[in-house]
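Subject: Structure handover

Hello,

I am passing a structure on to you, with the sequence alongside. Please look through it first; my notes come after.

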Amino acid sequence: MEKLEKLYEGKAKQLFATDDPEVLWVEYKNSATAGDGEKKEDFAGKGRLNNRITTLVFDLLAKRGIPSHLVKRVGDTAQLVRKMDMFPLEIVLRNTAAGHFCSRLGVEEGIDFDEPVLEYFMKNDELHDPFVNDDDLVVLHVCTRQDLAEIAPLAKRINEALIDIFAKIDVKLVDFKIEMGRTSDGTLLLGDEITPDSCRLWDQRDHSGKVEHLDKDLFRRDLGDIIPAYEEIERRLSELAASEGIAID
Ligand SMILES: Nc1ncnc2c1ncn2[C@@H]1O[C@H](COP(=O)(O)OP(=O)(O)OP(=O)(O)O)[C@@H](O)[C@H]1O
Ligand SMILES: [Mg+2]
């Protein structure tokens, strides 16, 4: 597969065209951003780790009957994905109170919910990715009622599968953000990435009683170096994938 012109550059990844119009080349960058892009730093090795972690997570999800846009990893920092028409949405699933949920609602971090909470944020840098509900999305023509009737149950299924995957590596899945789109034939698929940049992952192997973050909160909150945490996630997911017979190169 040939890598052609750059189509888009975001804060975490670059998208390139390929000689197949249905396939994109994604390059994972080393940069980390937080606080609506105000905080920015480069971490050597982060692109490679996130590329590997996303690939492992998508492979583990596929094993659980949840397909994604991933075609295959093609290098240290690159992967091929099925090109989609993306919904400009951050789809957030929460199992435990943290982050924006706590600041918005005055809830203490770490409270486990009786059932998962699904939230939508519109991807719009100028408006700082506003929180929206189903009706907002429908009247703004971001998606239809029918789209939402597919997106919401798929998001819940992804949550169930991810809870299982992370529980198997002794990590609590507090919350995460995903994106979805439709391929040219109209199939709704999980896209973008699932990495410690986009999830809150709390280590359950540490028994000191305090939360051991294995995610981007280390950077957001100046709690420590992200790279060893991302390496730990990559190591544990690789072991799990191997135990499930998933080929890792
Ligand atoms: N299968 C796909 N087809 C088309 N576009 C995709 C696909 N998967 C992800 N994308 C898009 O690729 C882009 C990835 O870039 P990146 O995550 O760096 O930037 P961003 O999400 O636009 O902005 P931010 O810098 O806030 O993350 C996103 O716009 C995402 O919606
Ligand atoms: Mg992004």
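Predicted model: local features only at pLDDT ≥ 70, side-chain atom pairs only at ≥ 80, totals over all residues.

Ligand 1 sits in the largest pocket. Strand S2 (13-18) and strand S7 (78-82) are the elements that give two or more residues to the shell around ligand 1. Both domains take part in that shell: domain 1 (3-82) and domain 2 (85-226) each supply at least three residues.

In total, 16 residues surround ligand 1, and the closest are Tyr8, Lys11, Lys13, Lys123 and Glu179. By type, the shell around ligand 1 consists of seven nonpolar, two polar and seven charged residues.

- Tyrosine 8: a polar atom of the tyrosine 8 side chain is 2.4 Å from an oxygen atom of ligand 1.
- Lysine 123: an N or O atom in the lysine 123 side chain lies 2.5 Å from an oxygen atom of ligand 1.
- Methionine 84: here a polar backbone atom is 3.0 Å from a nitrogen atom of ligand 1.

As for how much of ligand 1 is covered, it exposes 600 Å² when taken alone, and the protein buries 86% of that.

Aspartate 36 has a phi near 60°, which is a positive value in a residue other than glycine. Aspartate 36 belongs to the loop that runs between strand S4 (31-34) and strand S5 (39-42). For histidine 141, phi is likewise near 60°, again positive in a residue other than glycine. The loop holding histidine 141 lies between helix H3 (134-139) and helix H4 (145-168).

Regards

Definitions and conventions:
Residues numbered from 1 in each chain as written. Chains lettered and ligands numbered in written order. Heavy atoms only, no water. Near = heavy atom within 4 Å. Polar contact = N/O pair within 3.5 Å; in protein donor to acceptor, adjacent residues only side chain to side chain. Areas by Shrake-Rupley, 256 points an atom, 1.4 Å probe, with all protein chains shown as cover. 1 Å grid on protein atoms, 1.4 Å probe; cavity = no way out; pocket = protein on both sides within 12 Å on 5 of 7 lines; lining within 4 Å. Sits in = over half its atoms within 2 Å of the grid points. Helix = DSSP H or I, 4+ residues; strand = E, 2+ residues; numbered from the N terminus. Nonpolar A, V, L, I, M, F, W, Y, C, P; charged D, E, K, R; others polar. Domains from an automatic or database assignment.
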